[in-house]
Amino acid sequence: ATQKDNEEQSALLARKHLSKMGFNSDVIEQCYNIIIATKTHTTDETKDHPDTGFLLDIDLSILAAEPDNYKKYTEQIRQEYIVYPDVLYTAGRKNVLQHFLSKERIYHTDTFYALWEKQARMNIKNELKSLV
């Protein structure tokens, strides 16, 4: 939680292991780029692999959880960032949540947009109300 390069480290690790396993360089770079995309949860349809939006949607599936499960998730997130005092955590969490609400769509694929968008927005709005 205190690292700013979690995604980069994960992508480098994937690159290393996929290379050792003998995957071709195109597949390795596609995987690397998909993992890097989880940092901003945005895609560039002109250059990103078609699976990028799918992976990003799966990565954000928790936002559309049933309210009780979403609450447990928010408690786990707070524990992950427990090194930060409430004032800093709350401000940062609000920024993250407002970022998602400001997007035209949280979910990139039509399937997950139809299934999860409404619930995700409701969960995020409710969490924002609870942050004081």
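The largest pocket of this predicted model has a volume of about 1,100 Å³, where a pocket is an open set of points on a 1 Å grid over the protein atoms alone at which a 1.4 Å probe fits, with protein on both sides within 12 Å along at least five of seven lines, and where a volume is the space filled by probe spheres set on the points, these being joined across faces, edges and corners. The model is predicted, and local features need pLDDT of at least 70, side-chain atom pairs count only at pLDDT 80 or more, and totals for chains, interfaces and linings use all residues. Residues are numbered from 1 along each chain as its sequence is written, and side-chain values use heavy atoms, with hydrogens and water left out.

The lining of the largest pocket comprises 27 residues, and E7, K39, Y81, R93 and V96 lie nearest its centre; lining residues are those with an atom within 4 Å of a point. Two or more lining residues are given by each of α1, α4 (67–80) and α5 (86–102), and α5 supplies the largest share, 8 residues. By class, the lining of the largest pocket holds 13 nonpolar, 8 polar and 6 charged residues, with Ala, Val, Leu, Ile, Met, Phe, Trp, Tyr, Cys and Pro counted as nonpolar, Asp, Glu, Lys and Arg as charged, and the others, Gly among them, as polar.

For the second largest pocket, the volume is about 380 Å³. This pocket is lined by 16 residues, of which K71, T74, E127, S130 and L131 are the closest to its centre. Elements giving two or more residues to this lining are α4, α5 and α6 (110–130), and the largest share, 7 residues, comes from α4. The lining of the second largest pocket divides into 5 nonpolar, 5 polar and 6 charged residues.

The protein contains 6 helices and 0 strands, assigned as DSSP runs (helices H or I, at least four residues; strands E, at least two) and numbered from the N terminus. Its C-alpha atoms fill a box of roughly 50 × 35 × 25 Å along the principal axes. Of its 132 residues, 33% count as buried, that is, under 20% relative accessible area, whereas exposed means over 50% and partly exposed lies in between (1.4 Å probe, protein chains only).

F23 is placed in the loop between α1 (6–20) and α2 (25–37), and F23 counts as partly exposed because its relative accessibility is 40%.
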